[in-house]
Amino acid sequence: MKSFLIIILACLLPTSLWAQDDTRTRVNPEDMEVDMDNPTFVPMVKVGKVLVGKDSIQYMEMNDVWVYPEPTFKNARQRAAYNRLVYNVKKVLPIAKEVNKIIIETGDYLNTLPNKKARDEHMKRVEADIKKEYTPRMKKLSYSQGKLLIKLVYRECNSSSYQLIQAFLGPVKAGFYQAFAWVFGASLNKKYEPDGVDRLTERVVRQVESGQL
């Protein structure tokens, strides 16, 4: 499980990002303590003004606020499972958002390279460098957190981990890591279904994003 999560990240991070000095001192999401009583993300409040005719009108823009009925539990086991889901989302959602940002920046960076040879050489260096950078990071995640991260990467990037690896490293390596994932009971093709099996996860993710959890 940990190895192919490292590969997902290795596909995505340009050398210019990990080499910056400030990344060596910042606290990574997996090292942060999860506070179940306080928001993981700070709610956004943006104040501005717009010109209407000859007058300027101030406005305030805030996060979406999601209103759901209070969750009900048949027993203590269900409550514990829900609390564990909230904990895991708060732990790995920041990493999934980091991956999405990296994908955008990597795509832009690769487009500046002159030819396929240059892009392939760059990705080889990146793969080796990120294995070194992310191996200790991914080892800090539990098995269930790793599987959740795969799903949340799909949610943030609108692509499966398999598709991301295929796009950056080619179909041969994508097939290899998919086979490796199956050994551990996971799939890089796993989709995120916010209106289906992942409905409860989507509810938690939305509330965590908006600063409600």
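Predicted model: local features only at pLDDT ≥ 70, side-chain atom pairs only at ≥ 80, totals over all residues.
**Overall architecture**

The protein chain contains nine helices and two strands. Read from the N terminus, its elements follow the order α-α-α-β-β-α-α-α-α-α-α. Of the 213 residues in the chain, 40% are buried. The accessible surface amounts to about 12,800 Å², and carbon and sulfur atoms hold 54% of that area. Among contacts in the chain with a separation of 6 or more, 77% are between residues 24 or more positions apart.

**The secondary-structure elements discussed here**

| Element | Residues |
|---|---|
| Strand S1 | residues 45-52 |
| Strand S2 | residues 55-62 |
| Helix H4 | residues 76-110 |

**The strand pair**

Strands S1 and S2 run antiparallel and are joined by eight bridges. Within this pairing, Val50 stands opposite Ile57 of S2. The two strands form a hairpin with two residues between them, where Gly53 adopts a positive phi near 65 degrees. Strand S2 is hardly covered, as the count of buried residues among its eight residues is zero.

**Asn88 in helix H4**

Asn88 lies in helix H4. Is this residue buried or exposed? Asn88 counts as buried because its relative accessibility is 9%, and the cut-off for burial is under 20%. Leaving aside residues up to four places away in sequence, Asn88 touches Ser144, Gln145 and Leu148.

Notes: Residues numbered from 1 in each chain as written. Heavy atoms only, no water. Helix = DSSP H or I, 4+ residues; strand = E, 2+ residues; numbered from the N terminus. Buried < 20%, exposed > 50% of the residue type's maximum accessible area, 1.4 Å probe, protein only. Contact = heavy atoms within 4.5 Å. Areas by Shrake-Rupley, 256 points an atom, 1.4 Å probe, with all protein chains shown as cover. Pairing = 2+ DSSP bridges.
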